[in-house]
Amino acid sequence: MLQKEYIHIALADDDEDDRLFFTDAFSELKMKTKVDTFKDGHELMLYLNQEDAILPQVLFLDLNMPRKNGMECLQEIKANPRFDSMAIAIYSTSSSEEHIEETFVLGANIYIKKPSDFNALKKVLSDVVTLNWQYHTSGLNKDNFLLRM
Amino acid sequence: MIFKKRFYNSPLFLVITFVVSVAMMFFISGITFKHISSLNKTREAVLHSYEVTLEIEKLFTSVKDLEIERRNFLLTGDNNLVEKLNKSKLGIVKSINSINDLVVDNKIQTDHIVKIRHLCTSKFAIVNKAIIDVEKFKKDRELLRNNLLQGKLIMDSIQIHVDQMIALEDQLLKKRHEADQEIQSYTPLFIYLTLLVTLTLIVLSFIGFIKSYQSLKSTHEQLLLSNESNRLGEFIGNYGNWSCNLDKNEWYFSANLYTILGVDPNFVKPNFENLLHYIHPDDKERVKEVVAEYQNKTSIPDITYRIVTPDRTVKHVRSAGKMITTETGSRLIVGSTIDVTQDHLKNDELEQQNRELENSNRELSAFNYVASHDLQEPLRKIQTFISRLEDKEKDELSENGLQYLDRIKVAAGRMRALIDDLLQFSRANKSEQVFELTDLNVLMENALSELNQAVEEKQATLDITPLPKLSVIPFQIQQLFINIIGNSLKYAKTDTPPVITITSEIVKKLNPVKNTTETFHRLVFKDNGIGFEPEFNTKVFELFNRLHSREEYSGTGIGLAICKKIVENHKGSIQAHGILNEGVEIEILLPV
């Protein structure tokens, strides 16, 4: 990670406020990150499917979005080997068992419940971005899938 | 004894006594007939003997008369006597003939009579000689004396035969008398004894008959009674009975069955074709199939179908039947048909209401979930913005502004707690959770680790006995433990550190509905907190019900309602026993 200048991060969320919190948090974190945001799943997939697109290292995916929801995006991404290097973090208001179960089965790497405190948000995002994904993914199970604070 | 009594009353006994009595009667009549005919024979024999004796004596008298007349004739020579002599001769021949006829069966008497006839013939020869030689005898005295002597000798011979014959007849008579006497001596006793036995038998069979009659009468009365109560039962229970003799194809419908069919018993003959006439067209084939099965099945399935009465009313009825074979070997189907229209309608109505209730329940819980879930989103934003304001704009705000911000924060926090609890409640409502065999000790550990901070803060002591392994919905039971222990910690006295004891034991309880004993795990959570008055024992489980003001104790009034829901999901029960200022005991029964 040291060799890379920037960590590429992407967020797909239809909520403007959430996108704002997200970018604010990263700018306050003072990490070398490049953050791209997309208004919905459709826009995200259009970008990702470009031949010359710079793929994010970590993709934050909201579940409930118009046009193409997070679940559909997850399925498409996991079906395409080109995206294998991307870590996918589900980023949702809901912490319902069904959603957690389903996204785990579909192959997401971590599940984050959107915090209701800005400082908590900052901590979560920094934790997720600096996570050793290789280590995390190899020991992934249903219990550590949901990120607890 | 019982056997005796039963035999005594049985029809077989009656038949036997009757047959024996009749046989006895025949026997007695036979004996009597035989006896009378024997008496008759004796009488005839006596008469015969007398007749024979009489005839013999008559003959002898005639012979004597002839001798006297002959002598007279010889003495007087009176020719008038010749005619008399001839007449006497004729009389003697006649007498001999009639005696011969009488004694034709008796060889000895016949021999005697033959000899007598012979002697008489000789006698007649002498008489004839006397008539011819009467003049010669007058001259020759010697000749006369010879003739007389000859006559006397013949007379003597006849006398001897006659005496013998009479003696023989006497003897015969005597013998008959003796034989008769013998029969007469034992017959009456025998008849009397037989008669006595017969009489006894008849009396016995009469008693048996009376008893049978009485039992028949009481059975008949019982039958009448049960018939009447059956009719009443049919009327009250709205059902009708029917039966069918399979071999003769004879049907019987009870009065109330006609009432159910809505027809007059006088105008409709009880048979299947007529019944079919009232069955709903859509159900006819089905009923026919079932009835066809009657022919070769002993157990007949229930069938529910519709009938249409003459006034076009549709009724729902259910029929059940059973085949029985009578003692005489004929096969009968007996059955009942019950009018279930009311049940049917009620059932329909209930089903409809149930569906509506289920729908509204589903809608309600969906609404609850959606509302609480969707409310989270804006609330989270509000809270995040509050934290942004606190971080960035703190210095720009006045004293008042900071105070307002604080109030907004508290209110938002409360709303967060409410929404979280409501979400939990709505999740406890979902019934499709999976039961797993779980060690409750593990769930308790998890619960305590979640409450760790509060336990430490309050310096609480927990005394927990080992818990069982049960088939439960794990996360719900864990939530249950968190809520109950959380309450104990929250409502602890300010001056006393909380002591919470949790015990588990197996108890048996009587189920009053099924009248069976059922085994439960009884978990008791006891604390030494502020408690509450016993009158709130049930109220604490109601949704949004709080016993304290928000300022005193935070809370949403949902926690125990969730507990109740969870325990109910596990088919258990939960009870609270509060004592003000002493603590609360929560008792949970979970089925094994």
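The model is predicted: local features need pLDDT of at least 70, side-chain atom pairs count only at pLDDT 80 or more, and totals for chains, interfaces and linings use all residues. Residues are numbered from 1 along each chain as its sequence is written.

**Sheet in chain B**
- In chain B, 5 strands (DSSP E runs of at least two residues) form an open, mixed sheet in the order S7-S9-S10-S12-S11.
- Strands S7 (461-464) and S11 (573-579) of chain B stand at the edges with a single partner strand each, so one side of each has no neighbour in the sheet.
- Neighbouring strands are turned by 20° against each other on average, direction ignored, with axes fitted to C-alpha atoms.
- S7(B) pairs (at least two DSSP bridges) with S9(B), residues 499-511, in the parallel sense over 4 bridges.
- B:Ile464 stands opposite B:Ile502 in S9(B).
- Helix H15 (residues 559-569) of chain B packs on the sheet, touching S11 and S12 (583-591), and its direction makes about 145° with that of S11(B); such angles run from 0 to 180 degrees between N-to-C directions.

**Annotated span**
- An unreviewed UniProt entry lists residues 340-370 of chain B as "coiled-coil region", an annotation that may be inferred rather than shown by experiment.
- This span is 97% helix and 0% strand, and its end C-alpha atoms lie 44 Å apart; helices are DSSP H or I runs of at least four residues.

**B:Leu257**
- B:Leu257, in helix H7 (residues 255-261) of chain B, is buried at 3% relative accessible area, where buried means under 20% (1.4 Å probe, protein chains only).
- Leaving aside neighbours within four places in sequence, B:Leu257 is in contact (heavy atoms within 4.5 Å) with B:Gly240, B:Asn241, B:Trp242 and B:Thr337.
- The C-alpha atoms of B:Leu257 and B:Thr337, 80 residues apart along the chain, are separated by 7.3 Å.

Key:
Chains are lettered from A and ligands numbered from 1 in the order in which they are written. Side-chain values use heavy atoms; hydrogens and water are left out. Buried means under 20% relative accessible area, exposed over 50%, partly exposed in between (1.4 Å probe, protein chains only).
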